[in-house]
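Q: Hi! Could you walk me through this one while I have it open? I'd like to hear about contacts and pockets.

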Amino acid sequence: MEKLLNELSCDGHSAFSLPENDMPDAMTSSIPSHLTRQHPPALPQVSEMELLRHFTRLSYKNHSLAKNLYPLGSCTMKYNPVVNEKICRMAGLSRLHPYQPENTIQGALEILYELEHSLCEIAGMDAFTLQPAAGAHGEFAGMLIARNYFKSKNQQRTKIIVPDSAHGTNPSSATLAGFSVVPLPSEKDGSIDIEKLKIALTPDVACIMLTVPNTLGVFEKQILTIAQIAHDNGTLLYYDGANLNALIGTARPGDFGFDIIHINLHKTFSTPHGGGGPGSGPVGVKAFLAPFLPVPSITKKGKSFALAFKGRRTIGRLRSFYGNFPVLVRAYAYIVALGGKGLTRVSHHAVLNANYLLSVLKDVLPAPAGTRCMHEFVLSGKPLAQYGVRTLDVAKRLLDKGYYAPTIYFPLIVEEAIMIEPTETETKKTMDEFVAVFRAILAEAATDPSTLTTSPHTTPVSRLNEVEAARKPILHF
Amino acid sequence: MEYIPSNPAEVKEMLASIGASGIDELFAPIPASARIEKLHLPDGISEHALVKRFQTLAAKNRSLDNLVCFRGAGVYDHFIPTLVEDIISRPEFYTAYTPYQAEASQGTLQTIFEYQSMICALTGLDVANASLYDGATAVAEAVLLAMRTSGRSSVILSAGIHPEYREVVATYLQGIASEIVTIPLVNGATPAAALKQAINEKTAAIVIQSPNFVGTVEEMAVVGTLAAANNALFIAVVNPISLGLLASPQEVGAHIAVGEGQALGNPSGMGGFSFGFMACRKELSWKMPGRIVGQTTDTQGRRGFVLTLQSREQHIRREKATSNICTNAALNALAGCVYMSGWGPDGLRTIAYTNAQKCRYAFEKIIAVPGFSPAFANQIFFNECAVKTTKNIQHLQKLLLKNGILGPMGLARWYPEFADVVLFCVTEIRTKEEIDRLVEVLKQA
């Protein structure tokens with residue numbers, strides 16, 4: 001058990017050295033005592049080496065991509081090129097003030113401009129904003145764009161159709177933007193039933209949010225028809241880019257008929273997840289929606305770049321400054337490194353790897369969406385019930401074997417779901433080793449189920465009491 | 001460079017296992033008419049060429065490594081201990097996903113728990129979340145939290161809140177039947193009389209930033225009393241470094257404290273190395289947005305940490321969630337965690353005091369220069385001071401830049417009434433010599 005910082009704390013210890021104070025002694029602050037703090041903050045007092053050891057020991061308690069396969073479906077845990085970490089921390093890119101004069105940040109603006117235009121080409125859209133700080137933030141921006149677009153056309157459209165296989169952020173973002181959500185029941189493989197869609201598609205539907213391929217890893221075969229039906233109804237089509245890795249360089253959401261799209265740079269474009277962020281969720285639109293994009297936008301005149309802060313129809317500002325800049329730098333570096341051909345090979349190998357894994361796992365557990373997939377697939381752990389074992393137990397047992405667990409219990413439409421996405425950056429050998437372990441665990445489920453149901457055994461802690469955590473919250477030391 | 005390892009033999013083996021004739025076959029479900037021949041992007045380049053390319057791009061910028069920075073306005077040039085970057089550069093942290101599988105994520109979970117603890121210590125409040133995107137979205141989420149809790153639909157914003165934060169609040173409220181009442185500044189501060197007049201039974205919250213955007217340390221306790229008397233929530237927007245010295249949000253009666261965390265160990269980064277922090281009173285915890293880590297025990301009674309109060313969140317509640325946030329700003333908050341862990345209460349107080357002291361020194365020197373005068377009467381400020389000038393501000397900025405100085409922020413962009421006011425920021429790393437040199441250049445303007 002690693003001590004908490006307050007348990008490491010010792011009066012009078014400190015880690016960091018204060019800058020020299022070269023002020024004249026008589027120089028005091030201008031702040032009267034009634035505005036100052038009465039009780040100093042109870043911050044820990046720890047030496048620098050103790051801190052180094054503390055955080056290093058804690059780092060050992062994490063599974064990470066740097067350690068082994070991270071087969072989380074829908075999260076696209078691909079290699080985060082180490083060179084991009086160095087690049088985004090170059091002083092000329094990381095030590096910039098957002099309010100510097102434009103002529104002193106031309107390199108930064110060029111990166112933003114070029115990234116926007118690369119994403120337009122990749123997604124088949126006409127304009128992009130890099131402002132959204134994450135996928136959900138991009139969805140919210142997209143929903144506001146739809147809202148403001150229909151407002152400008154004096155149309156009362158209050159509903160958003162979201163398939164029940166979609167990520168939870170979809171309905172949540174639509175609600176935040178003031179829409180009501182119409183859940184659309186998906187077919188067994190997560191795809192859309194055109195007849196059901198037609199019934200749901202009333203004249204007051206502003207937008208249909210789709211994830212393509214869907215969260216079962218199945219490409220929406222009827223996508224062109226869906227786009228036609230939506231547009232005939234005056235409804236916009238929104239693309240959740242969580243699964244763009246399956247399509248990049250092979251097909252473009254814009255060509256399918258999508259009007260608005262967000263991309264997760266922390267998935268398809270290899271920027272690290274950072275233990276939960278920061279990510280980035282750029283939003284692309286077709287030309288007729290470009291006036292609604294958030295501000296600021298990047299413009300180019302001749303050879304110089306500038307920021308534009310005004311727009312008559314803009315949805316406004318989504319966050320301070322210009323998006324998660326270091327994430328944008330990494331994503332642009334990734335695009336430049338791979339180039340057009342390399343990016344196409346990404347989707348090829350992402351889909352190849354996923355199909356390979358599915359081909360060797362489809363006999364061990366049911367694959368409700370069939371025996372072919374795009375970049376990810378879903379298995380059902382339901383048959384394990386005969387041994388008293390659940391999907392959760394398989395997931396925990398994988399932790400024992402040095403793997404992170406796949407995404408589990410999502411999508412909600414598959415019972416005991418196990419969602420696996422290997423990505424293109426894993427080797428066949430790594431996948432084969434994973435398959436061997438996965439098979440062994442399933443064999444163990446039959447012979448020794450209690451080892452699974454009480455797992456994990458080798459991790460720093462065993463199963464944690466989540467009920468207790470929520471019932472009697474202890475949220476700080 | 002492609003980062004794709006498979007060789008042709010492996011591809012062949014995999015295709016055989018799949019029973020496919022080629023990779024192309026796997027894309028059969030995509031209508032041929034909707035596929036592309038190729039991407040119209042340049043070919044990829046080597047790692048060496050990539051680094052060169054970005055060195056060239058970086059060289060087109062002037063970084064704070066070779067500019068002396070007297071600009072703040074929401075992003076601050078503070079000392080960053082080497083340990084901070086060292087820890088967040090560990091791939092065990094930066095290549096990890098959101099800690100959903102707690103047993104294999106105790107490193108991330110414990111650091112978030114420690115981060116939450118120190119945000120609680122700084123703000124004096126009971127509960128902190130794991131981070132939001134940035135200061136602006138943190139304010140917007142705080143306003144939504146106040147509206148959810150109170151069932152009221154109006155919010156009072158001081159004009160002293162960062163203008164971009166106010167823009168973001170307006171963006172976030174577009175989908176909600178609500179009203180924003182903005183209180184203009186008087187003498188650089190939010191006038192209590194105007195707040196009193198504006199507050200009513202529809203007011204969900206009063207939001208005040210201190211130090212505010214024009215640098216003034218606000219009389220926060222007065223606002224706390226006023227909010228309490230009207231059953232409205234008080235949202236304090238604070239600079240975390242200033243809390244080493246200034247009254248904590250808890251001490252002034254705030255229900256919610258939010259702010260931008262960049263100053264805690266993150267570089268200026270074009271404003272992109274951000275995280276939003278949020279803390280609130282216990283009774284609001286179930287309405288909070290974002291992830292929260294809690295302490296619990298494992299099956300053997302050992303201490304461990306998990307994501308908790310999850311039934312607030314989008315992956316469980318979908319359209320009924322308290323917020324749509326999923327990915328936050330964890331790694332930047334980890335930098336904040338390491339930063340906060342190494343100073344102790346006295347160290348942070350000293351840093352905060354040094355900021356205030358150096359800014360005061362600069363202020364006294366600057367207003368002694370002909371053509372510069374205090375922007376407000378009896379100015380009380382932390383590390384940013386507003387100064388009125390008779391000089392041509394554009395010309396002044398150019399002259400400073402020519403001398404290697406990133407000059408003060410002009411306020412005209414957001415406040416037409418302050419067209420002749422500039423905002424100097426002085427942090428603990430500005431030296432007396434640098435300040436004196438700034439003053440010398442101002443004399444030449």
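Q: Which residues does A:E2 touch, leaving out those up to four places away in sequence?
A: This is a predicted model, and in it A:E2 touches A:L8, A:H54, A:R57, A:L58 and A:K61 of its own chain, plus B:Q110 and B:R303.

Q: Nice. Where in chain A is A:E2 found?
A: A:E2 is in the segment before α1 (5–8) of chain A.

Q: And does A:E2 count as buried or exposed?
A: A:E2 counts as buried because its relative accessibility is 6%, and the cut-off for buried is under 20%.

Q: Which side chain joins that of A:E2 in a polar contact?
A: That would be the side chain of A:R57, at 2.7 Å.

Q: What area do the two chains bury between them?
A: About 17000 Å². Carbon and sulfur atoms account for 63% of that.

Q: Which three residues of chain B supply more of its buried area than any other three?
A: B:E103, B:M270 and B:R318, which supply 6% of the area that chain B buries against chain A.

Q: OK, pockets now. What volume does the largest one have?
A: The largest pocket has a volume of about 1200 Å³.

Q: How many residues line the largest pocket, and which lie nearest its centre?
A: Its lining has 47 residues. Nearest the centre are A:T407 and A:I408 from chain A, with B:Y100, B:Q310 and B:H315 from chain B.

Q: Which elements give two or more residues to that lining?
A: From chain A, they are α6 (135–152), α12 (391–400), β11 (407–408) and α15 (466–471).

Q: What's the lining of the largest pocket like by class?
A: There are 23 nonpolar, 16 polar and eight charged residues.

Q: And how much space lies in the second largest pocket?
A: About 660 Å³. The second largest pocket is lined by 25 residues, with A:Y99, A:P101, B:R71, B:Q394 and B:Q397 closest to its centre.

Q: Which elements give two or more residues to the lining there?
A: Two from chain B: α14 (393–402) and β14 (409–410). The largest share, five residues, comes from α14(B).

Conventions: Residues are numbered from 1 along each chain as its sequence is written. Chains are lettered from A and ligands numbered from 1 in the order in which they are written. This is a predicted model: local features need pLDDT of at least 70, side-chain atom pairs count only at pLDDT 80 or more; totals for chains, interfaces and linings use all residues. Side-chain values use heavy atoms; hydrogens and water are left out. On a 1 Å grid over the protein atoms alone, a cavity is a set of points where a 1.4 Å probe fits but cannot get out, and a pocket is an open set with protein on both sides within 12 Å along at least five of seven lines; lining residues have an atom within 4 Å of a point. Grid points are joined across faces, edges and corners, and a volume is the space filled by probe spheres set on the points. Helices (H or I, at least four residues) and strands (E, at least two) are DSSP runs, numbered from the N terminus. Ala, Val, Leu, Ile, Met, Phe, Trp, Tyr, Cys and Pro count as nonpolar, Asp, Glu, Lys and Arg as charged, and the others, Gly among them, as polar. Buried means under 20% relative accessible area, exposed over 50%, partly exposed in between (1.4 Å probe, protein chains only). A polar contact is a pair of N or O atoms within 3.5 Å; within protein, one must be able to donate a hydrogen and the other to accept it, and residues adjacent in sequence count only if both atoms are side-chain atoms. Contact means heavy atoms within 4.5 Å. Buried area is the accessible area (1.4 Å probe) that two parts lose on being put together, summed over both.
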